[in-house]
Amino acid sequence: MVIQRKNQPRTYLPSLWGRLIVHKSTVGRSYINGAANEFSLQSGKDAYRIGRGVGLNDFVIKSPYISMKHLTIECFRRSDGTQKILVEDHNSSNGTFIDGKRLWDGTLMELREGSRLTLGMQPHEIEFIFSERPEDSFQALYITGELLGQGGFGVVKQARHRISRAVSAVKILSKPGLSHPQTDIPQLSEIRLLKHLQHRNIVQLEAVFEDGRNFCQIPGAIHRSLLTSEFADIVMELVPHGDLYNLIANNGGLTESEAQTVTTDMCDALLYLHSQNVAHRDIKPQNILVAGQAPLVTKLADFGLAKMVHDGTFLRSFCGTPSFMAPEILSNAGGSYDHKCDSWSLGVTIFMMFSGDVPFEDSDAPPDTQHIQWTVLPEGCSIAVRDLISKLLTNARERLTIVAITRHVWMQEMWQVRQLLLDTEAHQESVEAVANELANTSVSSSTRYQTA
Ligand SMILES: Nc1ncnc2c1ncn2[C@@H]1O[C@H](COP(=O)(O)OP(=O)(O)O)[C@@H](O)[C@H]1O
Ligand SMILES: [Mg+2]
């Protein structure tokens, strides 16, 4: 049976006509041609044989579930430079499948960009993704530079795109999938969440590479790689002025108006996040980055512990940084709590912006058993901000939500000014859009008039 598919023009790659990327393997990677992650199909050779027999194949898979000569994959070139890739099964016992369809002996089936090529059947199968694209590894596309920061899960460095020369930041995570392959471990939810988030006060995700390769282009690949990748590079917007922790340390605390600006930025980011059913769960000065200093602009980063809230499983896990964690997280024994843990951590952050110190003396002891160290705050600190802090560092039931923070007397005015500015900006943009539209319409109507 030959499956006919529509011929699509393909780009001919001078050094490689394709790559077979190991997608999943239930026989263990060590059996695949020296534990390779992918097979390169070189331009100098049009046909490759894959099977168990050493000396009989170009790529050897030493699994009893693979036949001695299992399949051949071949590239046919057309005169216009495009190519067609065909796979032939050699009567293998456990079969060859393309996108779930079995190839019968002696038949050829076409392999296309992103197709799944499976050797053997569940539970003993090896699956590849076929790609005609040139290698798009992180290393091939970016040059890493200066170290920007170091956190609990990996390092963050500058990364310059080799072609566009644009500078970004890259968070290099090592072995995210190894320790708890089936669970929703922090780094992986970060990748999944950040893909969907877009806000002026949230660090923008640009690309994700797993095991060094950009799998974003292959549908469903993120899910695959969540279980198997050993390291990931998260490329994101570079936020140039360090983090809020350093700003506080370098200036010995912020002014009241600077602290209000940061709180406004964070409320803006958190309102957006919570509207997306996401709680950040790790708000602290190290995770708030400084995008501009005059005027001060900050952005929320590090979604490693963030989690979707609507699935009812929210926050049963222990997470966060002890001194910033709401008491209900520390004492939680199976119950669930909501976005208000972010209000608590924001309260600790506001306290730190003034004092450079956390509000509780013993950062290891449960915070609800301790008194807030009000004396650490500078004397000039307003009654309003003390009131706000006391309404954030309290039990979850009485604690202010983010919306309530924006209405608190300490925040109200700046929040309203911000909303007004944003409304004016949005209004300005829509006026410009209408003006452009009118200009285009008049051009086209005059064109119509002239040609009529
Ligand atoms: N996009 C970025 N631009 C500039 N610096 C960054 C960026 N992301 C992170 N950093 C720096 O790296 C540090 C660690 O990053 P973070 O995402 O918080 O990692 P971790 O999950 O390991 O805590 C941050 O505190 C900050 O100083
Ligand atoms: Mg961090």
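1. **Burial.** Of the 452 residues of the protein, 36% count as buried. Buried means that 20 or more other C-beta atoms lie within 10 Å of the residue's own; exposed means 12 or fewer, and partly exposed lies in between, with C-beta atoms placed from the backbone. This is a predicted model: local features need pLDDT of at least 70, side-chain atom pairs count only at pLDDT 80 or more, and totals for chains, interfaces and linings use all residues. Residues are numbered from 1 along each chain as its sequence is written, while chains are lettered from A and ligands numbered from 1 in the order in which they are written.

2. **Elements and contacts.** The protein has ten helices and 20 strands. These are DSSP runs numbered from the N terminus: helices are H or I with at least four residues, strands E with at least two. Among contacts with a separation of 6 or more, 59% join residues 24 or more positions apart. A contact needs two C-beta atoms, placed from the backbone, within 7 Å.

3. **The open sheet.** Five strands form an open sheet in the order β4-β3-β5-β6-β9, with mixed pairing. Its edge strands are β4 and β9 (108-111), each pairing on one side only. Two strands pair if DSSP finds at least two bridges between them. Strands of a sheet pair through backbone hydrogen bonds, either parallel or antiparallel.

4. **The two sides of β3.** Strand β3 (residues 47-51) runs antiparallel to β5 (residues 71-77), and four bridges join them. In β5, Glu-74 is the bridge partner of Ala-47. With β4 (residues 59-60), β3 runs parallel, through two bridges. Here Ile-50 has Phe-59 as its bridge partner.

5. **Phe-59.** Phe-59 and Phe-39 are 20 residues apart in sequence and 7.7 Å apart in space, C-alpha to C-alpha.

6. Helix α7 (residues 340-355) reaches 23 Å from its first C-alpha to its last, close to the 22 Å expected for its 16 residues. The expected span is 1.5 Å times one less than the number of residues. In α7, 15 of the 16 residues are buried. Gly-356 follows α7 and has a positive phi, near 75°. Helix α5 (residues 256-275) has 20 residues and reaches 28 Å, close to the expected 28 Å. Its buried residues include Ala-259, Met-266 and Leu-273. Asn-277 follows α5, also with a positive phi, near 60°.

7. **Loops to check.** The peptide bond from Gln-122 to Pro-123 is cis, with omega near 0°. Pro-123 lies in the loop between β10 (116-119) and β11 (126-131). Arg-165, in the loop between β13 and β14, has a positive phi near 70°. Arg-165 counts as exposed because it has 8 C-beta neighbours inside 10 Å.
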